[in-house]
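User: I have a structure open and would like to work through it step by step. Can we take it as questions and answers?

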Amino acid sequence: METPRLEIDLKKIYHNTKSIVNLFKAKNIDVMGITKAVMGDPEIAKVMINAGVSCIGDSRIENIERMKQAGVTAKLALIRTPLISKAEKVVLHADISLNSEVDVIRELSKYALKHSRTHKIILMIEMGDLREGIEIEEIDQFICEVKALPKIKIVGLGTNLGCLNDVKPNSRKMAELSSIASRLEKTHGIEFVIISGGNSSNFQWIMNAHDVYRINNLRIGELILLGTNPSSGSPVHFLKQNAFTLVTEVIESKKKKPYLEGVNTINSSGEAQEIGDELGYGSRTILGIGEQDTNVQGLRPLGNFTIVGSTSDHMIICNASNNLRVGQEARFTMSYEALTSAYTSPFVEKRIIS
Ligand SMILES: *Cc1c(COP(=O)(O)O)cnc(C)c1O
């Protein structure tokens, strides 16, 4: 079998989705399944839908188009504010989009009018993480301007925490979002059908929440795909962490001199320094994968070897027991970043194994 390849276990993704959907349902919260890390893979989207997500969200309009063409029937949400240059595509292919700029929504309105369809939007508000979102002081003016735009329907209010600056979602933030929603509804005579409190980093909050206030939606990618809580970085015990495995193979296995040629290897204490002791007397094993294919830092070896370094096309490993020969396979589990970039690489084959 060719490498590098990404082995995908759909049964594990189903298990994770179902577990999260049931858990959140008990608190009256719908799950938007997020597919951005898997380039909107339609097979994975379909598994999420079968396991009960209320809709699918992705940050790229191209991924949404791909899912639609492949017959994904659920409602599709664009979760990154649209690029103005792609506004027409957004109106044509997304059922709903998350927004934080009036100029963008004006453009969406123009194309919604042209194609005589109504485009639904969720307004994103800034609550401290300082990534996307409308400042709370500006939200009233914002809504007034948007309400005047034809063929645009505000259906929800949302926020995104824990992404750029790791400002954690908590009970106070969720209560605040809920009360802002209620006040805006009263002031502007609108209704937020969806109140979307955040992403996988809301996990801690929801597990401990006695009251979820008006939050009725969370947008979940990492918990479903990797079974890990991004806030703590730790695995969630009732979820599977190995739905994805990256497989590559050894392209060179040799013993090499345990020092660098032509490099000053005197350390700061004036002692001659040998490198490579930890490499098992210069045993160097190279795998046929590199930074061009994935985020090497985000890989965790499955087996008795460690990662020593990487360049665009090579990964050097320390294989102390020296059991990996040319042509043999090496396997890894992966972080969200590593998964995202491996999925995006045309050099990495995607292979469904169950
Ligand atoms: C990526 C993203 C999500 C999903 O985040 P996960 O950590 O994968 O659950 C939700 N909302 C927005 C706006 C995002 O960009």
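User: In which segment is the place of Pro-4?

Analyst: Keep in mind that this is a predicted model. The peptide bond from Thr-3 to Pro-4 is cis, with omega near -5°. As for its place, Pro-4 sits in the segment before strand 1 (5-8).

User: How many helices and strands does the protein chain have?

Analyst: The protein chain has 354 residues, and buried residues make up 49% of them. Its C-alpha trace spans about 75 × 50 × 40 Å along the principal axes. The secondary structure comes to ten helices and 18 strands.

User: What share of the contacts with a separation of 6 or more comes from residues 24 or more positions apart?

Analyst: Take the contacts in the protein chain with a separation of 6 or more. Then pick out those between residues 24 or more positions apart. Their share is 67%.

User: Why are the buried residues of helix 6 on the same side?

Analyst: The buried residues of helix 6 (residues 139-147) are Ile-139, Phe-142, Ile-143 and Val-146. They sit on the same side of helix 6 because the arc they cover around the axis is only 95°.

User: Is Asn-217 buried or exposed?

Analyst: Asn-217 lies in strand 9. The cut-off for buried is under 20% relative accessible area. Asn-217 has 4%, so Asn-217 is buried.

User: Which residue stands opposite Asn-217?

Analyst: Strand 2 (residues 30-34) and strand 9 run parallel, joined by four bridges. Asn-217 belongs to strand 9. The residue opposite Asn-217 is Asp-30.

User: Which side chain has a polar contact of 2.6 Å with that of Asn-217?

Analyst: Leave aside neighbours within four places in sequence, and Asn-217 is in contact with residues including Ile-29, Met-32, Ser-54 and Ser-196. The polar contact of 2.6 Å joins two side chains, that of Asn-217 and that of Ser-196.

User: How much of the ligand's accessible area does the protein cover?

Analyst: There are 13 residues around the ligand, and Lys-36, Ser-200, Arg-219, Gly-221 and Tyr-336 come nearest. A polar side-chain atom of Tyr-336 is 2.6 Å from an oxygen atom of the ligand. A polar backbone atom of Glu-222 is 2.9 Å from an oxygen atom of the ligand. Of the 380 Å² of accessible area that the ligand has on its own, the protein covers 95%.

User: Is Met-39 buried or partly exposed?

Analyst: Met-39 lies in the loop between strand 2 and helix 2 (42-50). Its phi is near 50°, a positive value in a residue other than glycine. Buried means under 20% relative accessible area, and exposed means over 50%. At 31%, Met-39 therefore counts as partly exposed.

User: What is phi of Lys-151?

Analyst: Lys-151 is in the loop between helix 6 and strand 7. Its relative accessible area is 33%, so Lys-151 is partly exposed. Phi is positive here, in a residue other than glycine, with a value near 65°.

Terms used. Residues are numbered from 1 along each chain as its sequence is written. This is a predicted model: local features need pLDDT of at least 70, side-chain atom pairs count only at pLDDT 80 or more; totals for chains, interfaces and linings use all residues. Side-chain values use heavy atoms; hydrogens and water are left out. Buried means under 20% relative accessible area, exposed over 50%, partly exposed in between (1.4 Å probe, protein chains only). Helices (H or I, at least four residues) and strands (E, at least two) are DSSP runs, numbered from the N terminus. The arc is that of the directions from the helix axis to the C-beta atoms. A residue is near a molecule or strand if one of its heavy atoms lies within 4 Å of it. A polar contact is a pair of N or O atoms within 3.5 Å; within protein, one must be able to donate a hydrogen and the other to accept it, and residues adjacent in sequence count only if both atoms are side-chain atoms. Accessible areas come from the Shrake-Rupley method with a 1.4 Å probe; for residues, only the protein chains shown count as cover. Two strands pair if DSSP finds at least two bridges between them. Contact means heavy atoms within 4.5 Å.
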